[in-house]
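Could you look through these notes with the model open beside you? I've put them in the order I'd walk through them.

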Amino acid sequence: MNRLRRLSLASRLILATLAVLAVALPLAGLGLAQHFRTNATDSFDRQLEALLNVVVAGLAWDDVEQRLVQERDLGDPRFEQVFSGWYWQISDGGERVLTSRSLWDQRLPVQDAPEVIRQDVAGPRDMPLRVVERDIHLAPLERPLHISVAAPRQSLELELEHFTRLVVLSLAGLGLLVLAALALQVRWGLAPLRRMQVDLARVENGDTERLDTELPAELARLASAMNGVLARDRRLMEHARHAAGNLAHALKTPVSVLTTLADGIEEPRRTRIRDELSRIDAAVRHHLARATAAGDIGLAPRVAVAEVLAPIHDGLKRLAMRRGVELDHNLSGDLRVRMAPRTCRSSSATCWTMPCAGPTAGFASMATKLTMDSGSA
């Protein structure tokens, strides 16, 4: 169940369509096959009934020889081929029997049929037959004549099998076509979501601050709402940073005053007071650094560390040269970390803020102030 909940939208749409196709296509195939079977059987029966009418039309009584005669040829050579499956028979239920040559010495079953009857029977050599039969009265005979026309059921079954195979192939092709169309539809329909995903990655990497709102109406509203959330979070982070910074700076002056006043207190109380004030000062600096580093660092761009530290290196290198010391570094140009540029509170310099990690995890942050004025180095 949990795996189903984690399925992607594309997988959900495809699975739902597969479920519908798995139910709809077989039902449609069964319906078409049954409808065709009914129509094909009716058409086959009408063909046999037409042959039955031809047999009835050609039937006559020979007064001279006192026997039944068939004066009309059905014009189908299959009725002449022995045991071909195509038969006709005329019988009065007694000795008077007239059959097609194909029936040879076999006989079809006889039953009363005031109206036309269509049924399946087993014929000569147990061949399945489709029979159309009826009773007629022929003068001067007193007993009704039973006339039957039969054809092999295999002819109908072959036609039904051909249609069933055609339906299966057609529905399978339709299913594949629907799936292909669905795949294209899903790809095209979910393209705005993929664009939004790319925009979110760009926001996360710091390449942009907002999501693109040139999207379909539903997603455009979502993107606008997310942009509002991002903007509000940035404002809240900035306000929190300023509030923490203001609080830390406000505490610096009382701490400095208390430190000066402590000088007039005798030992050992002066040492204890100075120790506590040092702890307060360290805590203030620590939380000030955290407030400075907090905020939208996670959304900041990745910048080259060597480029950011270049002004510091140049300034320290000039100071080192005055003391006869040569200063160098081996920072790789490929080293890039997330840093958020901002204007420092105490000067017009540019500050880069980055989170600490690794062995320095005990510190909340590290803030490096880089003056843009090379003369201040």
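1. Let's start with Arg 37, which is partly exposed, with a relative accessible area of 33%. For that label, buried is under 20% relative accessible area, exposed is over 50%, and partly exposed is in between, taken with a 1.4 Å probe and protein chains only. Arg 37 makes a salt bridge with Glu 157, and their closest N and O atoms are 3.9 Å apart. The cut-off there is a side-chain nitrogen of Lys or Arg within 4 Å of a carboxyl oxygen of Asp or Glu. Arg 37 sits in helix H2 and Glu 157 in helix H3, so the pair ties together parts 120 residues apart in sequence. Glu 157 is partly exposed as well, at 25% relative accessible area.

2. A word on the ground rules: this is a predicted model, local features need pLDDT of at least 70, side-chain atom pairs count only at pLDDT 80 or more, and totals for chains, interfaces and linings use all residues. Residues are numbered from 1 along each chain as its sequence is written, and side-chain values use heavy atoms, with hydrogens and water left out. Helices (H or I, at least four residues) and strands (E, at least two) are DSSP runs, numbered from the N terminus.

3. How many salt bridges does the structure hold? There are nine. Arg 37, Asp 45, Asp 120, Arg 130, Arg 153 and Glu 157 are linked in a network of them. Asp 120 is partly exposed at 46% relative accessibility, whereas Arg 153 is buried at 14%.

4. Another salt bridge to click on joins Asp 76 and Arg 78, where the closest N and O atoms are 2.8 Å apart. Asp 76 counts as buried, with 17% relative accessibility, while Arg 78 is partly exposed at 33%.

5. Now follow helix H3 from residue 153 to residue 189. Its 37 residues should span 54 Å, at 1.5 Å a residue, and the end C-alpha atoms are 52 Å apart, which agrees. The expected figure is 1.5 Å times one less than the number of residues. Buried residues in H3 include Leu 156, Leu 160, Phe 163, Val 167 and Leu 171. Keep the helix repeat in mind here: an α-helix has 3.6 residues a turn, so residues three or four places apart point the same way. What covers the buried residues of H3? The cover includes H2 and strands E5 (117-122), E6 (128-136) and E7 (145-152), where contact means heavy atoms within 4.5 Å.

6. Strand E3 (residues 87-91) is mostly covered, with five of its five residues buried. Tyr 87, Gln 89 and Ser 91 point one way, and Trp 88 and Ile 90 point the other way. E3 runs antiparallel to E7, joined by five bridges, and Gln 89 has Ser 148 as its bridge partner there. Strands count as paired if DSSP finds at least two bridges between them.

7. E3 also pairs with E4, again antiparallel, over three bridges. Ser 91 stands opposite Val 97 in E4. The two strands form a hairpin with five residues between them, and Gly 93 in the turn has a positive phi of about 85°.

8. Some loop backbones deserve a look. Trp 104 is not a glycine, yet has a positive phi of about 55°; it is in the loop between E4 (97-99) and E5 and is partly exposed at 48%. Asp 126 has a positive phi of about 60°, in the loop between E5 and E6, and is exposed at 66%. The peptide bond from Ala 139 to Pro 140 is cis, with omega near 5°; Pro 140 lies in the loop between E6 and E7.
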